[in-house]
Amino acid sequence: MILYRTKNGLVVEEDSKSYHVAEASLDTLLAHDDLHGFLATIVAHGEPAEESLSSLEAPIEHQEVWASGVTYYRSRSARIEESKDAGGGDFYDRVYSAERPELFFKAVAHKVAGPNSQVKIRSDAKWSVPEPELTLVVNPRGEIVGYTIGNDMSSRDIEGANPLYLPQAKVYDRSCALGPGILIRKEPMPATTEIAMDILRAASTQFSATIRLSEMKRDPRTLVEYLYRDQSFPHGCFLLTGTGIVPPDTFTLQSGDEIRISIGGIGTLVNHVA
C-alpha cells in the first residue's frame with residue numbers, strides 16, 4: 001500500500017485503486033499502533049474513490065527530517081575527494097568505519113519540496129548536486145512503518161571547504177524533497193531494491209546511475225536507534241539513509257534541470273531546479 005498526501009486529504013492506493021483516509025492526518029496515522037492494519041481495513045472495506053493523484057503534496061506534516069551521511073563507499077570517496085584540500089578527508093574515512101553513524105538535521109515541513117515541485121540550489125554555491133536516498137518513515141516509538149524517496153540537495157563546494165560548513169551546505173529552503181508517497185510495509189526493503197537517478201537538461205540526459213540497497217553499509221534499524229537516543233519525535237520523523245550515487249566532479253546542477261529519482265516499489269519523485 002502507498003499512502004499519498006493530496007490537496008484533498010490523504011489517500012491510500014493498492015492494486016491501482018485509491019481510497020480516501022477520512023478525517024485523519026499524517027500526524028495521527030504515524031502515531032497509530034497498527035498503521036498497516038488500519039489502512040488494510042480501509043482498502044478491504046472502503047469504496048474506491050475517483051481521486052486524481054496529480055495534486056500530490058509532500059507526504060509530511062509536523063515531522064522533522066534528518067539525514068545520514070557516508071553510508072555508501074561511493075559517498076565516502078566523494079566526501080574525501082571534495083574536502084582533501086581543507087584537511088577534512090580523514091573525517092569521512094573514519095566515520096565510514098566507525099560504529100556511530102553520521103546523523104544531521106535536514107529540514108522541517110515548510111522547507112520540503114513535494115512531487116513535481118521545485119527544489120533549490122544555494123545562490124552562493126558553485127557546485128551543487130542532488131543526492132537520491134531511500135527515506136525511512138519512523139513513528140514516535142522508533143519503529144520503521146514505511147519508506148519514501150528523498151532528495152538531499154547538497155552544495156559540495158561549501159561542504160568541501162570545511163566539514164563544519166555542512167549545515168549551510170545541506171540545510172536551506174527547498175534543499176529537501178520527499179515523495180511521491182509513503183510505501184507502508186512491515187518488512188524491511190529487500191537488499192535487491194534499486195535506486196535510480198536521472199538528471200535531464202533541456203530534455204537531454206546529463207547523468208544517469210543506479211545502485212542497490214545491498215551496497216549500503218549501515219543497517220536502517222541501527223540508524224534509527226542512534227537517532228532516537230535521547231531524542232523524542234512526538235509526530236515521528238523521516239530519516240534519509242545516505243546516497244551511493246554521486247555525479248562526477250565536473251557536473252553541477254543548473255536552473256531548469258529535471259531530477260528524477262526512482263525506487264522499486266515506491267515510485268518516482270520528479271523535481272525541477274528553481
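Buried means under 20% relative accessible area, exposed means over 50%, and partly exposed lies in between (1.4 Å probe, protein chains only). By that cut-off, four of the five residues of strand 1 (residues 2–6) are buried, so strand 1 is largely enclosed by the rest of the structure. This is a predicted model: local features need pLDDT of at least 70, side-chain atom pairs count only at pLDDT 80 or more, and totals for chains, interfaces and linings use all residues. Residues are numbered from 1 along each chain as its sequence is written, and side-chain values use heavy atoms, with hydrogens and water left out.

- Helices (H or I, at least four residues) and strands (E, at least two) are DSSP runs, numbered from the N terminus.
- Two strands pair if DSSP finds at least two bridges between them.
- Strand 1 pairs with strand 2 (residues 9–14) in the antiparallel sense, over five bridges.
- The two strands form a hairpin, with two residues between them.
- Within this pairing, Y4 stands opposite V11 in strand 2.
- Strand 13 (residues 176–184) runs antiparallel to strand 1 and is joined to it by two bridges.
- Here L3 faces I182 of strand 13 as its opposite residue.
- Strand 4 (residues 56–57) also pairs with strand 1 in the antiparallel sense, over two bridges.
- R5 stands opposite E57 in strand 4.

- Strands of a sheet pair through backbone hydrogen bonds, either parallel or antiparallel.
- Strand 14 (residues 194–201) runs antiparallel to strand 15, and eight bridges join them.
- D198 has S208 in strand 15 as its bridge partner.

- Rings of Phe, Tyr and Trp (its six-membered ring) pair if their centres lie within 6.5 Å; planes under 30 degrees apart count as stacked, over 60 as edge-to-face and the rest as tilted.
- A search of the whole structure finds three aromatic pairs.
- In one of them, the ring centres of W66 and F105 are 5.8 Å apart and the planes stand at 85 degrees, so the pair is edge-to-face.
- This pair links distant parts of the chain: W66 is in strand 5 (residues 64–69) and F105 in strand 6 (residues 102–107), 39 residues apart.
- W66 is buried at 14% relative accessible area, while F105 is partly exposed at 32%.
- W66 also pairs edge-to-face with F233, at 6.4 Å centre to centre and 90 degrees between the planes.
- F233 lies in the loop between helix 7 (220–227) and strand 16 (237–240), so its pair with W66 ties together parts 167 residues apart in sequence.
- F233 is buried, with a relative accessible area of 3%.
- W66, F105, Y228 and F233 form one aromatic cluster.

**A charge over a ring**

- A charge sits over a ring if NZ of Lys or CZ of Arg is within 6 Å of the ring centre and within 35 degrees of the ring normal.
- The charged end of R229 sits over the ring of Y226, 3.9 Å from the ring centre.
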